[in-house]
Amino acid sequence: MLTLGIESSCDDTAAAVLKDNNNLLSNIISSQDEIHSRFGGVVPELASRQHLESINPIIEEALYRADKSLIDIDLIAVTQGPGLIGSLLVGFSYAKALSYSSNIPIVGVDHMSGHLLSAFLEKDKPQFPYIALIVSGGTTSIFLCQNHTKFKLLGRTRDDAAGEAFDKVAKLLNLDYPGGPSVSIHAERGDPTSFQFPRAWLEADSLDFSFSGLKTAVLNKCNEFRQKNIPVPVGDICSSFQEAVVEVLVKKTLLAADLHGIKTIVLGGGVSANKHLRKHMDMSCRKKKLQLHVPHPSLCTDNAAMIALSGYYKYITAEEKTSYNADVFSRSILG
Ligand code: KG4
């Protein structure tokens, strides 16, 4: 079975061709980082306009690289939400039109379910049930994954997502966009113990997150230096900030595993490209004898391969087609 995956929820236009449930024939992504970098964040209107420009060539390229044409495709899986409405509409409308004109069934996919399953695109596949930590620019959530279509939301951020906090800290330090990679590069030459930034643990055993207080603490610390005309120690600030984020992410994920008696952890989302997070999660999992699965960074960030996979399972388990009357949605419906 060949699935064409289409993703356009935020600022990446992506298409992939997946054979059955694990043979990825192509995975093409067109990033808009260059367009949004001078604004220090994604500008929704520019994002949707760029999706319009990119979607046709990206899908053609995905088919070409897979050495397939549209008549070979058995299923179209497309991100239906969550994300920016204008961006989602481009991919979703395109997919509906393609489905209608080519008589190929279409399945709308929750972007989060793609992240939750992306580890299955690797050789070494996780065993159910597992705890997944999904950390990106738009979300920071912990899920209990019971099978390929059954996911339970255990906790999520009450304000900023972890990636958003990285992006905002980068902006206030005048670092390049996207902020995560810039902050982590500067953090490498800083001391993580220089500043004791706050960790929001929230209530006992809470699996929710909050990063807005941490971001404000970083801003206040920078202002202290600026008011005294002392150069801001960028490396130390980045390193101490990153340490605070990573400590909370790792401890809450392990707490989730402990509370639910789970032995396998999966990481996903753009922030899981962070080396410090990977290292700490790995060390902590080893100590607790937990299996850790971290997909390749290209499968952690927004991509269409995971959308194809999630759509495949949705379709084969429930033969669930999406109606042409269906609309996109801005918030995740998983949980
Ligand atoms: O999943 P993703 O590609 O897409 C969206 O959420 O749209 O995640 C992007 C996020 C951005 O906030 C970016 O700053 C962050 O992931 N990110 C990182 C790193 N690489 C990307 N954050 C921390 N460390 C990194 N190395």
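Apart from neighbours within four places in sequence, Val 232 is in contact (heavy atoms within 4.5 Å) with Leu 173, Cys 222, Phe 225, Arg 226 and Ile 237. The structure is a predicted model, in which local features need pLDDT of at least 70 and side-chain atom pairs count only at pLDDT 80 or more, while totals for chains, interfaces and linings use all residues. Residues are numbered from 1 along each chain as its sequence is written, and side-chain values use heavy atoms, with hydrogens and water left out.

Val 232 lies in the loop between H7 and H8; helices here are DSSP runs of H or I with at least four residues, numbered from the N terminus. With a relative accessibility of 19%, Val 232 counts as buried, a term that denotes under 20% relative accessible area with a 1.4 Å probe and protein chains only, whereas exposed denotes over 50% and partly exposed the range in between. Val 232 and Thr 3 are 229 residues apart along the chain, and their C-alpha atoms are separated by 50 Å.

Helix H7 comprises the 16 residues 212–227, which should span 22 Å at 1.5 Å a residue; the end C-alpha atoms are 22 Å apart, in agreement with this value. The expected span is 1.5 Å times one less than the number of residues. Buried positions in H7 are Leu 214, Lys 215, Ala 217, Val 218, Cys 222 and Phe 225. Viewed down the axis of H7, these buried residues fall within an arc of 160°, so they line one face of the helix; the arc is that of the directions from the helix axis to the C-beta atoms. They pack against helix H5 (162–172) and helix H8 (234–260). After H7 comes Asn 229, with a positive phi near 55°.

Two packed helices are described by the angle between their axes and the distance between the axes. Axes are lines fitted to C-alpha atoms, for helices over the stretch in contact, and angles run from 0 to 180 degrees between N-to-C directions. The axes of H5 and H8 come within 11 Å and cross at roughly 175°. H5 and H8 are therefore roughly antiparallel to each other, the term for angles over 145 degrees; those under 35 count as roughly parallel, 65 to 115 as roughly perpendicular and the rest as oblique. In this pair, Ala 162, Ala 165, Phe 166 and Val 169 of H5 meet Phe 241, Gln 242, Val 245 and Leu 249 of H8.

Terms used. Helices (H or I, at least four residues) and strands (E, at least two) are DSSP runs, numbered from the N terminus.
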